[in-house]
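Thanks, everyone. Let me put the model on the screen and walk you through a few parts of it.

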Amino acid sequence: MSIKSLLIANRGEIAIRIISTAKKMGIKSYVIKTTKEPNETYLQMADEVIEFPAKHDEIPEFLDIESIILIAKKHKINAIHPGYGFLAENPYFAKRCEEQGIIFIGPSPDAIYKMGNKTIAKQIAGKHNIPLLKGSVESIKSFTEAERIAEKIGYPVILKAAAGVGGRGMRIVEKSSEMAKLFKLATSEAQKAFNDSSVFIEKYVRNPRHIEFQIFGDKHGNVIHLGERECSIQRKHQKLLEEAPSVAIDDTLRKKMGEEAVKIAKAVNYYSAGTVEFLLDSEKKYFFMEMNTRIQVEHPVTEMVTGLDLIEWQIRIANGEKLPLKQNEVKINGWSIECRINAEDVQSNFSPFLGTIKNISIPRSKNVRIDTGIREGTEITPYFDSMIAKLIVHGENRELAIETALNALQKFKIKGIKTTIPFCKAVLNNKAFRLGKLNTSFIENELKELYFQEPDEELMAALFVIYSHAKELKSETAAVLNYDKGKHLTPWVLNKRIKSL
Amino acid sequence: MAKKKETQNDLVSGKYIALTNKGKKYEFYISEDSAITYKNKILSISIDESEGFTFIEFGKNKYPVEIIDRNQNKYEVLINNVSYNFTVETPFSFKRKQLLTSQQPSSKTENIVAPLPGKILEIMAEEGVSVLEGDAVLILEAMKMQNEITSHVSGKVKKIFVKCGDTVMKDDPLMEIEK
């Protein structure tokens, strides 16, 4: 293994995840400390912490390409793992690493560039006869052009940022009267988020399933897939709950879609981890959506059903090794579910909740894995996204996985912040969910209540409040009475004294 | 007999009401020896502290509970990670209420407040101009997404409290509408 040291250009739970595999492989791990979170857990887990040089510009630390490269060079670090988000899908960053003789743990700059642009990715898919949704292949310049194409495809349509990731820069347009306003919102959001206002337009499939295939390639031209993940539980295109495998995919469909995923990866000479996303309609017809050229947040569910360490695979492939398995050696066992736990107030429309974690108790048991970057004392800030932990379970079958997840969620205790745990419980207890009736409109259509309430919860909450208040009143009146011991007080005076406390 | 962890006689006796923000009333009576009665039955509850977490136990249920926010007699409590809001009426506050004679005039204006923290990107409303319920009045950028804020009332925009580029916190007033 020529990679002896690894710089992780990321933070939180994924930094810890990468550190854990690096340790297992005997690779020295380096992380970067920022002034925004100088006491975070990931800093304690790495072999060495590098302080980010004082900033005189506006570029956030984990997006500062030149500074990160300089850090790697200065400390003579062999390789950089970008994690997910930040620079993970920045082709220029991958190229700079290559130019500077640093191994980038990920695909080639060319593959990142091509698949990173949804328009180009669709063109490549089309050339290889992979099914696509009707839409524009080129970026759209004006809302009148968008209107014209939409009339041709037929409403509803969806506007998508060409350079978009993670569901941002997307707007569903139901009718032509909405196009002008939504075109403006989509393009300006795209410009702000990705520095590229180009959008393209696509037929909008109602209530599809979001099915994605994990693929892996090596630098010798081999590509295989590791099965699918179903990520249909989404809110505003943000995934909240994922599972592997999918109820909707049988062996035949898995083989077919898997081969298409491998085909598109090979079309760009892909190596390292990647995810090919499809939409599956109600008739089990699939359409290529996009390819994510990075390790994903939800990779653990694939790890749980295949028994593989995907970060280790990434490092080995970057090191020049061949894929450890052939396609027919990949086995999917049992079922895995991941619940994303975010610091959000479900009852206030999932608005981000800022605060400090006063206490936390993480369930540890067989079949339960918690990937987290937080601990007691962690402050939830607006600088980074709101995910605080991933609760991942494995079961022999889907029903057992659901039960294990609910038990683990009940044991996951956190004090001081609001989280989406009651939302996860609502989904897992939902009848349609248990029957596997999933699609991307699940939350709007199937969940009557966004949060799960245990029996007598409100009564017990009221009891607790009354009890606490009554207890406090008692200690206040005791203080007043003690002070006035021996004096004769009328009830009005006593009342006034207590009022003024 | 009511079960509790602390010693007897540690609660002020009398009638207590926990009022939810939907108007539901939970009426309790605490006796001289601190027994809690609800709907004419003495409740058997237990409050335990364990490893830094507080639990309330009642019947078969034992739930983690925490008061996450408080303003005098207004409480927000988290139980099983679900939030409930209560206004508490106590034996003292009942007496105080009887003494109050002033009446608040009905409010003719309403504020539109920020539903989440973020940055003001665009203001479509104008002072002096009317808006209809449902009209988009402002665009707030939060968590990397653009959110359209609509007016929940119809009326004339009396005052706009923010300008483009301002950062706001949740519940900060954005503008005042005269109904």
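**Helix packing, interface and one proline**

Helix α7 (residues 143–153) of chain A packs on helix α8 (residues 179–194) of chain A at about 120 degrees, and their axes are 9 Å apart. Axes here are lines fitted to C-alpha atoms, for helices over the stretch in contact, and angles run from 0 to 180 degrees between N-to-C directions. Helices are DSSP runs of H or I with at least four residues, strands are runs of E with at least two, and numbering goes from the N terminus.

So α7(A) and α8(A) are oblique to each other. That term covers what is left after under 35 degrees (roughly parallel), over 145 (roughly antiparallel) and 65 to 115 (roughly perpendicular).

Which residues make the contact? From α7(A), Phe143(A), Ala146(A), Glu147(A) and Ala150(A); from α8(A), Met179(A), Ala180(A) and Phe183(A). Contact means C-beta atoms, placed from the backbone, within 7 Å. By class, 6 residues are nonpolar, none polar and 1 charged. Nonpolar is Ala, Val, Leu, Ile, Met, Phe, Trp, Tyr, Cys and Pro; charged is Asp, Glu, Lys and Arg; the others, Gly among them, are polar.

Housekeeping. Residues are numbered from 1 along each chain as its sequence is written, and chains are lettered from A and ligands numbered from 1 in the order written. Because the model is predicted, local features need pLDDT of at least 70 and side-chain atom pairs 80 or more, while totals for chains, interfaces and linings use all residues.

Now the interface. 43 residues of chain A are in contact with 44 residues of chain B. On the chain A side, elements giving two or more residues include α8, α13 (421–429) and α17 (491–499). The largest share, 18 residues, comes from α16(A). By class, that side has 20 nonpolar, 11 polar and 12 charged residues.

Over to chain B. Chain B has 1 helix and 17 strands. Of its 179 residues, 24% count as buried. Buried means 20 or more other C-beta atoms within 10 Å of the residue's own; exposed means 12 or fewer; partly exposed is in between; C-beta atoms are placed from the backbone.

Last, one residue. Pro173(B) sits in strand β17 (residues 173–178) of chain B. Is Pro173(B) buried or partly exposed? Partly exposed, because Pro173(B) has 15 C-beta neighbours inside 10 Å. Leaving out residues up to four places away in sequence, Pro173(B) touches Asn111(B), Val113(B) and Phe161(B).

Definitions and conventions
Contact = placed C-beta atoms within 7 Å.
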